[in-house]
Amino acid sequence: MLTANFPWLTFIILFPIVASLFIPFLPDKDGRTVRWFALIVGLIDFAVIVYAFYNYYDFSSPDLQLVESYSWIAQLDLRWSVGVDGLSMPLVILTGFITTLAILAAWPVTLKPRLFYFLMLAMYGGQIAVFAVQDMIVFFLAWELELIPVYLLLAIWGGKKRQYAATKFILYTAGSSLFILVAGLAMAFYGDTVTFDMRSLAAKDMALNFQLWIYAALLLAYAVKLPIIPLHTWLPDAHGEATAPVHMLLAGILLKMGGYALIRMNAGMLPDAHAYFAPALVILGVVNIIYAALTSFAQRNLKRKIAYSSISHMGFVTIGIASFTDLGLSGALLQMVSHGLIGASLFFLVGATYDRTHTLMLDEMGGVGQKMKKIFAMWTVCSLASLALPGMSGFVAELMVFVGFATSDAYSLPFRVIVVLLAAVGVILTPIYLLSNLREIFYGPENKELTSHEVLVDAEPREVFIISALLVPIIGIGFYPKLLTQIYDAKTIQLTEQLRASVPSLAAKAPAKAVSLQPFSAEFIQAPAIVHLPE
């Protein structure tokens, strides 16, 4: 079939970018034509993603699929090389889904609509490129180019402190990205051959000391985007000034780039160094969960409260990556997708609430539930999903990380017990501040000044559709996680075996079966963290 040889990934990446170039020439006065054009482009690209995935993706294979490779600069062996596997395919689907809904969420935008939708479509292709490219330099370029639309979307359409938030965002993210370039060049020129192909880089026999330095450099870059405390402060400021569509892209996709790159490069390409850094990742994950949850309590600004909640939930990703178990790593991937859906829904509702109340301060809200019953219902369901209610995707993801880490034979029993107990504290804190958030917005004494001066209309059909579309996979994955896990099971098993092989004491054992809750044997209690690091 001709479609079997069609360059699907190249089309998926370039189609929205090329389509965005036609926006300046569209005949349009009030922005209606432009927004319909952007939405149709988004829908077409998402439909192509689903078609290619359904017809040409093999669940049983851990290898790269839909691979394309074209020479770019032959002298440097730079190639346009793309492909997807279990690590990237779920995030490519998530990107198409969230970005298309974000375009629909941007319907009320009237300020410079041509430029706004141009940036949205350019981001569409750029984000997918980050997950699909397999050349280190092209990955760096995609990572950098994707930052420009976000900066402009914050700087032009943001709130009162938009210039500060946009500048802080670009300084943190672009500055940290230089470590990707330095690390990529160092790996490329290491040894006898010069190559930027990720698979070739992973196959190089790198000295442990060299791996440790490269791992540290990449960790700094990806810790900013994930974000990992203390490199997180750009995110609350960015969320505090962003509009609803940009919120959805930040929470739904951009944070996942850090988690994806941490798995793809740090764990996948530098497994020996990962064994040394894994305990630190676990500790940083616990700090993320507890510190961000406690900080969320103190926030009186609705956007910043949800932003810190988002940081807290991403802590489970780092713990899962460092678990050395199939179930823990699978939980980390599931948490990234789940958080992308839940975070996008909550931030969209923040924007919908602000459009009606014209305030983000919880002290100025109260008692609006009677007039906005549909919005209250949507807030309630999405908050329950965020606090990991059973039957929602967040519950399955966090449970998998918990059980995967708790049954890991890479760590001592005391260390696992302490980590699980501390992470559980964060899980307990989440429903407290989320339910308190609902109470302050929709219950309590009615703010007469707010209700008398503002028309508190209920949700319109477009808003109900967006939240419903997000809730379908949230609930579907919650009841039947295999909808998602079957996409990447083969890859996580392969990667876990590779990571365990890098630790001699683990390589000698059978892979940890995290789903088996058998009593821990005494041999696991001896070491404070990793049992025996590679020599």
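**Helix packing and nonpolar core of the predicted model**

The axes of H5 and H6 come within 4 Å and cross at roughly 5°. Axes are lines fitted to C-alpha atoms, for helices over the stretch in contact, with angles from 0 to 180 degrees between N-to-C directions. H5 is therefore roughly parallel to H6 (angle under 35 degrees). Trp143, Glu144 and Leu145 of H5 meet Leu147, Ile148 and Pro149 of H6 (contact: heavy atoms within 4.5 Å). These residues divide into 5 nonpolar, no polar and 1 charged. Ala, Val, Leu, Ile, Met, Phe, Trp, Tyr, Cys and Pro count as nonpolar, Asp, Glu, Lys and Arg as charged, and the others, Gly among them, as polar. Helices are DSSP runs (H or I, at least four residues), numbered from the N terminus.

The model is predicted: local features need pLDDT of at least 70, side-chain atom pairs count only at pLDDT 80 or more, and totals for chains, interfaces and linings use all residues. Residues are numbered from 1 along each chain as its sequence is written, and side-chain values use heavy atoms, with hydrogens and water left out.

H6 spans residues 147–157. Its buried residues are Leu147, Pro149, Val150, Leu153, Leu154, Ala155 and Trp157 (buried: under 20% relative accessible area, 1.4 Å probe, protein chains only). They pack against H4 (113–132), H5 (136–145), H7 (162–188), H9 (208–225), H10 (234–241) and H11 (244–269).

The largest nonpolar core holds 189 residues. Such a core is a set of buried Ala, Val, Leu, Ile, Met, Phe, Trp, Tyr and Cys residues joined through side-chain atoms within 4.5 Å. Phe139, Tyr222 and Trp379 touch the most other members. H11 gives the most to this core, with 16 residues. Beyond its neighbours within four places in sequence, Tyr222 contacts Phe139, Trp143, Ile180, Gly258, Ala261, Leu262, Met265 and Asn266.

H3 (residues 89–105) and H14 (residues 326–357) have axes that come within 10 Å and cross at roughly 5°. These two helices are therefore roughly parallel to each other. H3 contributes Pro90, Leu91, Leu94, Phe97, Ile98 and Ala105 to the contact, and H14 contributes Met336, Val337, Gly340, Leu341, Ala344 and Phe348. The contact comprises 11 nonpolar residues, 1 polar and no charged.

The protein chain averages a pLDDT of 87, and 92% of the residues score at least 70 (pLDDT: the predictor's confidence in each residue, from 0 to 100). Among the elements, H3 has the highest mean (95) and H18 (residues 448–453) the lowest (66). Over residues 513–535 the pLDDT is below 50. This stretch has 51 contacts in the model beyond near neighbours in sequence. Where pLDDT is low, the predicted coordinates should not be read in detail.

Notes: Buried means under 20% relative accessible area, exposed over 50%, partly exposed in between (1.4 Å probe, protein chains only). Angles under 35 degrees count as roughly parallel, over 145 as roughly antiparallel, 65 to 115 as roughly perpendicular and the rest as oblique.
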